Amino acid sequence: MSGTIEQHVLSGRRGFLGRGAGGLGLAALGGLLGGECVAEQGAVGGAFPHAAPRAKRVIFLFQSGAPSQLDLFDYKPRLLGLRGTELPESVRQGQRLTGMTSSQSSFPVAPTMFRFRQRGSSGSWVSELLPRTASIADRLCFVRSMHTEAINHDPAITFFQTGAQLAGRPSLGSWLSYGLGSESSDLPAFVAMISGAGDQPLYDRLWGSGFLPTRYAGVKFRSQGDPVLYLSNPAGISREIRRGLLDDLQSLNGLRLEQTGDPEITTRIAQYEMAYRMQSSVPELTDLSGESAGTFELYGEEARRPGSFAWNCLMARRLCERGVRFVQLFHRGWDQHLELPKNIALQCRMTDQPTAALVTDLEQRGLLEDTVVVWGGEFGRTVYCQGKLTVSDYGRDHHPRCFTMWLAGAGIRGGQMWGETDDFSYNIVRDPVHVHDLNATLLHLLGIDHLRLTYKFQGRHYRLTDVHGNVSSGLLL
Amino acid sequence: MAIRLMAGRLEYVLAAAAILAVQDGFLVVRAQELVAAVSFDREIRPILSDLCFTCHGPDEAQRSSGLRLDQRDGLFSERSGGRVVSPGNVEASLLLQRILSADPDLQMPPPESQRHLTDGQKQLLSRWIQQGAKWSEHWAFVRPQAQTPPQTGNPGWCRNPIDQFVLARLESAGLRPATEADRRTLIRRVSLDLTGLPPKLSEVEAFVADESPDAWERVVDGLLASQAYGEHMAVAWLDAARYADTSGYQNDGPRSMWRWRDWVIEAFNRNLPFDQFTVEQIAGDLLEEPTLEQRIATGFNRNHRGNAEGGIIPEEYQVEYVADRVDTTFAVWQGLTMGCARCHDHKYDPLSQREYYQVFAWFNNLPESGRAIKEGNSPPLLKAPLPAQQRQLRELEQRVAEAEQRIRELQPELSSAVERWSFTAEARGEPDWVLTDGLQQAYRLSGSLESDGGQLLTLSPAGVEPQWTAWSGRQAILLDGGGMLESSGAGAFGYFDRFTLSAWIRPEAGSGTVLSRMIPVEQGEGYSVHLQDGRVQVNLVKRWLDDAIRVESESVLPAGQWVHLAVVYDGSRLATGIHLYVNGVEVPLAVRLDRLNQTFAVKAEPFRVGGGHSRFRGAVSEVRIYGRDLSSEEVQLLAVSESVAEIAGRGVGERNVGQRRKLETVWLERHADVVLRDVFERLPALRRQQRELDDQIPTVMVMQELPTPRETRVLQRGQYDRPGELVQPGVPAAFAGNFAGRHGNRLDLARWLVSGENPLTARVAVNRFWQRYFEFGLVRTTEDFGSQGEAPVYPELLDWLALEFQRIGWDMKALQRLIVTSATYRQSSRQSSELLAIDPDNRLLARGARRRLSAEVVRDQALSLSGLLTRSIGGPSVKPYQPEGLWKEIATDMEYEQSRGADLYRRSLYTYWKRTVAPPLMVTFDAASREACTVSRGRTNTPLQALALLNDVTFLEAARVLAQRELQAEAKSAVERIERMFCAVTLRLPTARELEILCARYERNVEVYRRQPEAALALIRAGESGVPETLNAGELAAFTTVASVLLNLDEVITRE
């Protein structure tokens, strides 16, 4: 026992990185936003990772607004014959609907207008809207049996990213930064990027740190102004002048350290140096001049336009190359209540090529071996029509009971369709995967037991997966 | 040598005073030197709580084998195989047997639980049993005990009882308190702590020179009396109250709660005692004859987020709001995690799920909807005029009464004058009159498709010739149910717009759209006045079914007859804001749908007469569009189809009320003498002023009781759609004390919180005050005083402070005065390596706290030091600098419109807080997100903070203004300027080395900027405040760089 106490004593406060967790990666690895771990509880459950990780990184291509599984992946040929007929009560089973359609006088079945075809040697069904995605179908594991709890965007997307419908919990990426730290010495462990437009907003909390210290929050890379807030020196301060000023600042802070003995100053000095390094590492990251013509052939010319989904996909690859652990893309515009056929086609045109390009590119560079790519939105859409069902038009409301996502890359069993829904793509009939299960699975791929990645807050040991979640081993190799 | 160690309620007997460290509030000593009495409360319950209570605790549903370890009976109970804990006998205690068992089937906690006891914990348990297994209640649920401040070896050091507690503990730990901090540090420390602003240099010098014995106390009193005190104190309270300027879900629309925020500032400044501060915020509305201010105070529990997303199920969110009130109230006043008992009994603390819903019941009684208003405040809300507005309102009311009186007096005179005039030839030749105030379009449709203003209506479908019919001495257009009239420029109204639509119609079919501006499909977006089976419908539609209003006249219009229709909408977004008049008389409306939450404005559609989603069949004339909501009197005038001359031509007895009023109006406007006209025109003018004033009055969301209480049921698994047992309001039995429900409403709860019986409120409150002045609270887990929280380091001091706080009448200023006038507070924050090793978190308080300033203070200080800070209290929130496009890139319809001028430099607590895109500078420095209650903030140290301090225009401008001020002052040399600037920022003189570093940099940079004048100009243009042209740009730029270094100094962003 005295040995343990000695250890505690000798470790002191600041030198003690990842206290109580025996080499927690977090700040020890110099997580960019981590700096040092000041008076911080370590995660319970021993050292991370718990097991040999299959993946080092995750790229999450979140499709905000909720793409229609019925028009993209969940092929339901029998619906054609039922067009315009009332959704049978035996299917709906009194399940709740959103306030937008719950008082609709009828719920006519709206089959997709788009053609489906089996793709690749695996024969996964993919709609004509996504030809490029279809071309890599053998890499993808389509999870047609995703389900969630919320039926409105804000709670549903918050649930997806934080494991709770209400604000306040840490996001997936911030759990990872907290648990695993950063592999990059001059970029954040967790980067979020945004593209697209549409009815549905996003929220800082989706990459926020909740009750975890703010250093674990995702850094939003922006397409307008500085990629990272306050990154650039102001007009009139050159890099040379900045260096000189920092040198002075560091000297003066060093003098203060002698005066006060406060090790926090040492950390501050280190963080100013990190800031300075970021001033070159981030511009280098976003400078695409070194990319070959082939890159833009692959991702499309849109990849030259900062803020486009294509640009963000390319950035995701570049971030991965530089050791960033979690890249969270949000692409907006999938909330197709009305005029779905027209709007979904537009969305697909914008996203299909860069999505497939990213997977292909990662594979060509050998990065797909240790990177997981996830594609999907916060819920699915209803088989019944919202608004008027016409020959060329329909709309779909929110549907939490089933939807499709896909995963690819490290540890993922590609070329399969996992799970199954009923003939109406309304209820899951086989192998359901809950959002908590997906999150547990992602953590598992990174070598983390989701039961053991916890943080004590308000007396409770919180987890990303709350008190739920099972690793969906069927998705894995 | 054996000495006795007092460590909270824990007694150690040590062979030597060899304390090695303090970890999590525990003294860590070499084991071989320890013969310690183990405290159940401090050492054993935390272990049981964390590792056992989940299955053997308060939660009945989860309890395994019927064994309960959180209560005495269970812990010492007999089980098959022996006693759970057998005092004095470790071997016989099942607890230890099971914990130490190597058999996975027997081992506790079970291996699959992923919970493990450390060797140290196992030894503690075994020592505790060996020592007789003394048991006690959880400290926090027992009322604070009277404490006598202990005697110390150095009474001279102690300035007040706080110091006695601290010193006695330090002495027993073999530690000495730190020396007092120097005076410059001290005054800066206390100013930043009490007001969030640095002292002026002159104040520092005065204090340094002041040798009087009460110099410190006078500084403290001055700060406590300053207005800045209330502002600074308010910030933490706003965090706790999850205050913000937006609603927080989805589109995150604006709300207006700043009247509540200002109430908080004012309450701190007038030193409202904490018990009243509590009662007014929890239940001010239920006090006897509550004042406006007391009702505003209840905004505390309306600051939670509100969901206005389309398609939500309101019942679901109404439950969330109530739950938020419960969680927040109990976190803030009781330091408990009440939310843990929402879905099941609390796992650790004696809070049952049933009790959770008993507390829930207090807050479940509002006339509220789970669906929040998208833009603006959601009911219940209160008009909350500012004091000046209250005066204006009273004055206007008075003047209106006077004007009405005068009208009553002069009405007979007016009537007879008009009557006389009406018989004159002049009257019979009088040109007609129509109401033009607010008129936007008038389509007479009497043989022409042109409006009075020359705007043309087009007949659709094209190519059809208009058909006319005679009516009342003029013509009207005849629509056959196929054609309609369109104008793209007219009637472009949205849901905040007040407007009136008026027309004469003669319907020939029961159904058809009369007037509209909408997408022309059934239930399309937009607005319409529509006939449905003879009834008049008014539709304001964003999305049919869940975002629309429909009202319908109860009566049916007579077919084939001319009627005058007027629809008035007051911009309130409510069905009650729509008025329908038929022939000048308001008719009753049935509300079919009242769920409008977004604007119904449609840009791409024209205004239509006789069309919309269906066609009108019949005749239409005199279509008028007003951009305001006309009064019923005004509508009455519109409904008079006869001209002035025609009315004059009738006998007095044949004129109806409307016609008489039309004559009067015309005569007053055109023929009356000035005196009479003034009398009759004064009233409408005053009413307009009232209206304008009323429009400016801020509202605030408040608490309000339903006349009939809403039923509260236990919600199974916390879900809104799974109601269970009915419950009555109540408080948790474990610490209910003498709770008695006298009023049967929230007031009972409020009074119970601040009654002497409540063991938690005062402790939780003083702990929060304490954490403002030291690294942590005496209980470090500010938000959790339950069994999973950390026990206090100084339990006696905590109890003493809690009782003292109550004894002095919950006087918040006096309590804090007590803290900051202690010797403990005045210690230097210097950290020796020995102390750092022993007590890295400074839990024993053997030195002062040294910590980075909060987000708000980092910014406010820079503004204050540079002189940019705008000192004005309260009012709507402002929008200082923030990087462009931050809202737009993730939000949908709000854009950040940056403030200008003085509003750029207001204290940070007035910064507009949009929850889903919080102010980036604040967030970077660990401000709370304001999405949920926060009672203590983290403090990180990150490169993003460095980037912000180096590059954000806020700090650059402050640096430049500092430099500029220095350059404008007399000085002999640059060195002198730099020295003065250093003093201005750090409030101390630089050392020679420090000065040397900065001067050398200045010399180098001034040279660079001399060579690169554009760079200098670019730098000094940072910010919107002006730069005097007389200054040399290169010098100013170089000084600015030096000032920027100063503002980035660790000591400057730190309270030492």
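## Helices and strands

Helices (H or I, at least four residues) and strands (E, at least two) are DSSP runs, counted from the N terminus. The model you are looking at is predicted.

Another cis peptide bond joins B:Met108 and B:Pro109, and here omega is about -15 degrees. B:Pro109 belongs to the loop between α4 (94-100) and α5 (119-130) of chain B.

## Chain B as a whole

Chain B contains 35 helices and 29 strands. Its C-alpha atoms fill a box of roughly 120 × 90 × 60 Å along the principal axes. Of the 1056 residues in chain B, 52% are buried. Look also at contacts between residues at least 6 apart in the sequence of chain B: 69% of them join residues at least 24 apart.

The domain assignment divides chain B into domain 1 (39-136), domain 2 (257-305 + 313-384 + 707-792), domain 3 (433-561 + 604-626) and domain 4 (951-1055). Between the C-alpha centres of domain 2 and domain 3 of chain B there are 51 Å.

## Two helices side by side

How do α16 and α21 of chain B cross? The axes of α16 (residues 387-422) and α21 (residues 674-696) of chain B come within 9 Å and cross at roughly 155 degrees. Angles over 145 degrees count as roughly antiparallel, and α16(B) and α21(B) are therefore roughly antiparallel to each other. The crossing of α16(B) past α21(B) is left-handed.

Residues making this contact include B:Leu393, B:Leu396 and B:Ile407 of α16(B), and B:Val679, B:Phe680 and B:Leu683 of α21(B). Sorted by class, the contact has 13 nonpolar, four polar and five charged residues.

## Where the chains meet

The contact between the chains takes 80 residues from chain A and 94 residues from chain B. On the chain A side, α1 (2-11), α5 (153-162), α7 (239-260) and α8 (264-286) each supply at least two residues. The most come from α7(A), with eleven residues. By class, the chain A side has 32 nonpolar, 31 polar and 17 charged residues.

## Two positive phi angles in chain A

A:Ala66 is not a glycine, yet its phi is positive, about 85 degrees. You can find A:Ala66 in the loop between β1 (57-63) and α2 (69-72) of chain A. Is A:Ala66 buried or exposed? A residue with 20 or more other C-beta atoms within 10 Å counts as buried; A:Ala66 has 26, so A:Ala66 is buried.

A:Tyr230 also has a positive phi, about 65 degrees, without being a glycine. A:Tyr230 lies in the loop between β6 (219-221) and α7 of chain A. With 25 other C-beta atoms within 10 Å, A:Tyr230 is buried.

Terms used: Residues are numbered from 1 along each chain as its sequence is written. Chains are lettered from A and ligands numbered from 1 in the order in which they are written. This is a predicted model: local features need pLDDT of at least 70, side-chain atom pairs count only at pLDDT 80 or more; totals for chains, interfaces and linings use all residues. Axes are lines fitted to C-alpha atoms, for helices over the stretch in contact, and angles run from 0 to 180 degrees between N-to-C directions. Angles under 35 degrees count as roughly parallel, over 145 as roughly antiparallel, 65 to 115 as roughly perpendicular and the rest as oblique. A crossing is left-handed if the near helix is turned anticlockwise from the far one by less than a right angle, and right-handed if clockwise. Two residues are in contact if their C-beta atoms, placed from the backbone, lie within 7 Å. Ala, Val, Leu, Ile, Met, Phe, Trp, Tyr, Cys and Pro count as nonpolar, Asp, Glu, Lys and Arg as charged, and the others, Gly among them, as polar. A residue is buried if 20 or more other C-beta atoms lie within 10 Å of its own, exposed if 12 or fewer, and partly exposed in between; C-beta atoms are placed from the backbone. Domain bounds come from an automatic or database domain assignment.
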